[in-house]
Every structure is written in C-alpha cells, then in structure tokens.
Amino acid sequence: MTKEFTVPPVIFPAGGNPSATSNINQRQVPTAPFQPNRAASSSIPFMSFDIGSASAFASYGGSIASSTSSLGGPASFDDEEPLLDELGIHPDQIWKKTKSILNPFRVNPTVHKDSDLSGPIFLYLSFGLFQLLAGKLQFGVILGWIVVSSIFLYVVFNMLAGRNGNLDLHTCTSVIGYCMLPVVILAALSLFLPQGGLVRLVVAAVFVLWATRVSTNLMVSLADGGEEHRGLIAYACFLIYTLFSLLVIF
C-alpha cells in the first residue's frame, strides 16, 4: 500500500536562478577612478586645463609685478635706459669734444675731462675707411700704431712730470684719438690731391701742426706737472701725428 506525500510547489523568481538576487545584492559595483573636471569647450582632450587655476596664477603673477613696481623695479621697457647710454656711448658729448678740436687756437679742456673711447674709435675707423678708398688696407697698422703711441705718450708724460704726474692711460688714449681729427681730414682731402709733389707735403704739415698744438694743450690742461715740459710733450705729439700722416702721404 503506497503513501502519497503532498509536496508544496516551489516558485522560482523571474530570471531563472534563485540565488541571482542575493548575489546581486551582495556584489559591490567598482567605482571609477578620480578624474578631474575638464572644460567642455576644449576640442582636444589632452590640452584641456582648469581655467580657474590659470586665472589664479595670472592674479598671482600680477600681484608679483605690482609689488615689484612698487619697490622701484622696472615695470616696463619704457623705464629702461637707451641702449647707447648702457654701452657708455653719448653722441652729444662726442660731438662737443669733436667741435673743440676744430679750433686749434682755443681748445676747451673741460669737455675732455670725462674721457671715453667711443669717439676715438669712430675716428680710427673713419681714417681706415679713407685709406681704404685710397687703395690702402691699413686697419691693422692703424690699430697697432694707436696702441704704441698711447703707451709712448703716457710713459713720456709721467716721466717728465715725475711725482706730480697724474695722467692715466685711458685719458691719454682718448686725447690722442680725438686729436686724430686733423689727420682724418687730411686723409679725406688726399683723395682729391695729386699724388706726390710739394702741395701734398705742405697740406700734411699744416694738419700735423694743427693736431700737435691741440693735443699738447689738452695734455697740459688735463694733467698736472706738464706745463714746464710743454716743449718736450709737443715734440712727442709731433712725432705721433707725423707717423700717421706718413700713411697718407706715401
């Protein structure tokens, strides 16, 4: 005789697997890594940046610039000195010194107290250029004779003046350079004078005496101890400018 057992019906949830709901409830969804917010207007992803940080940096830089200007620092290029002044080239002073050489009978030594080499270098280059127009390439010779002449006159003057001599080499080079103006004018005139002859020698002698007189007066006025040795200083200056005039004549 068989027994019949009543089995209650088993109802499965929709989805098939009864443990799916429990597994879904227990499973943790992984979170995405942190990503900074990017500007929506940027069309290139890797070039996007935070506008707020840029504006903060700009305001920080502006505060630095304002603090620098308040401390007296240069705030713009308008406050900077001209390039010629930074290089020590003053065209107005060069022109005043050059004009003082034009009159051999009345030289103004006050404008030559502030010695410089900008004007002499310009005159040396002009002398070499006129010689080049005459077919003589003598830039190296002129430079070498300038150095030797400056050292020669510096040694002679201080030996004659003794302990009272206070002529420095920079002032000596500046005076010799500015007094080269008559020789430069001679080199320019020689382009129109006939080669050789007595006329060329006479004109050269006049310009050499001009340069000798001006340089002697400046040397005696700018340094102490040279008044009583004016004749010997004039002779040394005469030798220097005669040497340069020989480059023009021959």
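I am working from a predicted model, where local features need pLDDT of at least 70, side-chain atom pairs count only at pLDDT 80 or more, and totals for chains, interfaces and linings use all residues. Residues are numbered from 1 along each chain as its sequence is written, and side-chain values use heavy atoms, with hydrogens and water left out.

**Entry: aromatic pairs**

I searched the whole structure and found three aromatic pairs. For rings of Phe, Tyr and Trp (its six-membered ring), I took centres within 6.5 Å as a pair, with planes under 30 degrees apart stacked, over 60 edge-to-face and the rest tilted. Phe-127 and Phe-244 pair edge-to-face, at 6.3 Å centre to centre and 75° between the planes. Phe-127 sits in helix 5 (residues 118-133) and Phe-244 in helix 10 (residues 230-249), 117 residues apart; helices here are DSSP runs (H or I, at least four residues) numbered from the N terminus.

Next I looked at Trp-145 and Phe-244: their ring centres are 6.2 Å apart and their planes at 70°, so this pair is edge-to-face too.

**Entry: Ala-204**

I found Ala-204 in helix 9 (residues 198-222), buried at a relative accessible area of 3%. Beyond its neighbours within four places in sequence, Ala-204 contacts (heavy atoms within 4.5 Å) Leu-186 and Ile-249.

Notes
Helices (H or I, at least four residues) and strands (E, at least two) are DSSP runs, numbered from the N terminus. Buried means under 20% relative accessible area, exposed over 50%, partly exposed in between (1.4 Å probe, protein chains only).
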